[in-house]
Amino acid sequence: MKSLLLNPKPINSIIFPSKTQNSPRFNPHPFPNLHIQSRHRWIRRRNLSTAVKAVLDSATVEQFGIPEFDFRNPSLSSSYRSSKLTRPNQTVLDAQTRVCTGPTQTKPLDEEQAFKVFDTILRSARGEIKDEEEVSKAQMGAFFAAMTIRANAFPEATQWSEGEMRAMKTFWPLLVRVLPPDIVFIADPEGLMMGLGSSIGPQFVGNGTSEMRLVGALREVLAGGHLGFEEVQGVLKEVLPFQEEGEKPHGASEALLAAFLIGQRMNRETDRELKAYCLAFDEEFGPPPIADVKSLTHYGEPYDGNTRFFRSTLFVAAVRSCYGESCLLHGVDWMPPKGGITEEQMLKFMGANISLSPFNAKKLLEDEEVGFAYVSQREARPSLYSLIGIREHIKKRPPLATTEKVQQYVKGEEGALSMTTRLRSSMTKGIPVNYCSGFRSLDISSTSEPGGVTRQGFSLEVNAKDYGFQPTDTPRTDRSVSRNIELGLAALSGEKGPAYDRIVLNAGMVDHLLGAEGAEDISTALDRARDAIDSGNALKRLLNYIKLSHKVS
């Protein structure tokens, strides 16, 4: 088994690879009736829905049994946001952007901003704001948790500003009369706010066993403290899946849950806390299935997608599957805060089944004509998927966002996995784009290493120019799902250009970094990726996936 992780154990996995080295390989051959040059013209000149159908028509929809496309599918990533989700109050959300973050990144509100925010919260709590302008309890929980943690644990520069102090002094005597007890507890757990001596915070224990456990943990978080592995796991299993108040007899309020999630992130969660988030729901439906493949790469793309640049991972997976490097992609239809393009949106637009269980995904991984699969968090981890609404209302990314990409070993554009061929900017600060760090497993068994696997670490910055790529700007998609698919299909059809180069670079470099068989030499690995595309095999794999995803059961 070859895999590359940031952790000794493949945590938060959906499917594990078996250790067999004898899985049959698919013999690449050109896609029948595949007229690449004519398809280039179709893709360039028509809108995406027509272009996709044109690619499929070249092989005949009837012959391969691919379902008709739903041309009503939206082409912008923002359109995939569920209409059932309530929108947060923008005034308070803007404030959360500033204060619901780390000890050094927080930007205190000035007096005008603070007065506006507290006035908005007061009017909402009094029922004077309705519908989508209302401040949700999740927003209040996150905002007041941030204020409490900043007062208790942050350095002086990011504690309350004088303007925030004056606003709190003005509004707290009014707020404490109208806010529900759980939010008063979050804002004033010790009952000492502004010298009023309230007993609500100190005496608050929550409603039911689930809230009682959450409140106990939250007291430590609000003081700037950390929790143990078992404590975090226990809280998560008690309160998830989240349901609206009144729907779950033993659930927890969204204010408390939002405070817990943002509070742990603001305190900079420890390794043991992150491990708890990763493992809490690994067996939500029982033990994960074992895929009978020689290697399996889990792609840890950010679930909130890309909003600016071409997202290549789906097409990279199709390429790598051509020579036996199986790939598992996982994500969601739409996720805050970015709400960008995701693999699920692209697959849905192209007509694939996006509701595969991990067991059905296993079958596609093992299929000699496919070799890759996508699993939605909605199907594999519904408890975690239930938090999407709350995640939008807390604004900043919670610890879960880190666990969703825990196996990410490439720092690509937009924080994603895609390396770029553009030149590095001289103004870049911090970790550069195309920085890769992680480890590969070797074929030599060793009981001295975790899991009995010998690991070889690596750390490097990939300069695409060193491997013969001409520097090019990354194609922009600007939330357009259709544009992202158009670029990917054109590249898999053999059309040379920036998208083609990025797919080749990312496929070949991943093979090399993983220590994949036949990829010891980078040039050879890149040539193999090019061959998978130019032969038509990679495109065939993608079309096979669209077709067969509806047939597995």
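**Entry 1. A lysine–glutamate pair**

I began with glutamate 414, which is buried at a relative accessible area of 13%. The model I am reading is predicted. I then looked for the partner of glutamate 414 and found lysine 338, their side chains meeting in a salt bridge at 3.0 Å, N to O. Lysine 338 sits in the loop between β4 and α15 (343-349), and glutamate 414 in the loop between β6 (410-411) and β7 (435-445), so the pair ties together parts that are 76 residues apart in sequence. I checked the cover on lysine 338 as well: its relative accessible area is 18%, and because the cut-off for buried is under 20%, lysine 338 counts as buried.

**Entry 2. Other salt bridges**

I looked up the count of salt bridges, and it comes to 23.

I took glutamate 111 and arginine 166 next; they form a salt bridge whose closest N and O atoms are 2.8 Å apart. This pair links distant parts of the chain, with glutamate 111 in helix α5 and arginine 166 in helix α7 (residues 162-178), 55 residues apart. Are these two residues buried or exposed? I noted that glutamate 111 is partly exposed, with a relative accessible area of 33%. Arginine 166 is partly exposed too, at 40%.

I then turned to arginine 150 and glutamate 164, another salt bridge, with the closest N and O atoms 2.8 Å apart. Arginine 150 belongs to helix α6 (residues 137-153) and glutamate 164 to helix α7, so the pair ties together parts that are 14 residues apart in sequence. Arginine 150 counts as buried, at 0% relative accessibility. Glutamate 164 is also buried, with a relative accessible area of 0%.

I also wrote down a network of salt bridges that links Lys294, Arg320, Glu325, Asp511 and Arg528.

**Entry 3. Helix α12**

I went through helix α12, which covers residues 254-266.

I checked the cover on α12 and found twelve of its 13 residues buried. Among the buried residues are Glu254, Leu256, Leu257, Phe260, Leu261, Ile262 and Met266. Gly263 is on that list too, as are Ala255, Ala258 and Ala259.

Glutamine 264 is buried, with a relative accessible area of 2%. Which residues does glutamine 264 contact, leaving aside neighbours within four places in sequence? I listed Val221, Leu227, Val232, Glu269, Glu273, Tyr277 and Pro399.

Past the end of α12 I noted arginine 268, which follows the helix and has a positive phi, near 60°.

**Entry 4. Isoleucine 121 in α5**

I returned to helix α5 (residues 111-125) for isoleucine 121. Isoleucine 121 is buried, at a relative accessible area of 0%. Not counting residues up to four places away in sequence, isoleucine 121 touches Val92, Val135, Met140, Phe143, Phe144, Leu175 and Leu179. I also took one C-alpha to C-alpha distance: isoleucine 121 and lysine 137 are 9.9 Å apart in space and 16 residues apart in sequence.

**Entry 5**

I looked at strand β5 (residues 372-376), where five of the five residues are buried, so the strand is largely enclosed by the rest of the structure. I sorted the residues of β5 by side. Both faces are covered, with Phe372, Tyr374 and Ser376 buried on one side and Ala373 and Val375 buried on the other.

How does β5 pair with strand β4 (residues 326-331)? I found the two in the parallel sense, over five bridges. Leucine 329 stands opposite tyrosine 374 of β5.

**Entry 6. The whole chain**

The chain has 24 helices and eight strands. Of its 553 residues, 58% count as buried. The accessible surface comes to about 22,400 Å², and 49% of that surface belongs to carbon and sulfur atoms.

How values were computed
Residues numbered from 1 in each chain as written. Predicted model: local features only at pLDDT ≥ 70, side-chain atom pairs only at ≥ 80, totals over all residues. Heavy atoms only, no water. Buried < 20%, exposed > 50% of the residue type's maximum accessible area, 1.4 Å probe, protein only. Helix = DSSP H or I, 4+ residues; strand = E, 2+ residues; numbered from the N terminus. Pairing = 2+ DSSP bridges. Contact = heavy atoms within 4.5 Å. Areas by Shrake-Rupley, 256 points an atom, 1.4 Å probe, with all protein chains shown as cover. Salt bridge = Lys/Arg side-chain N within 4 Å of Asp/Glu carboxyl O.
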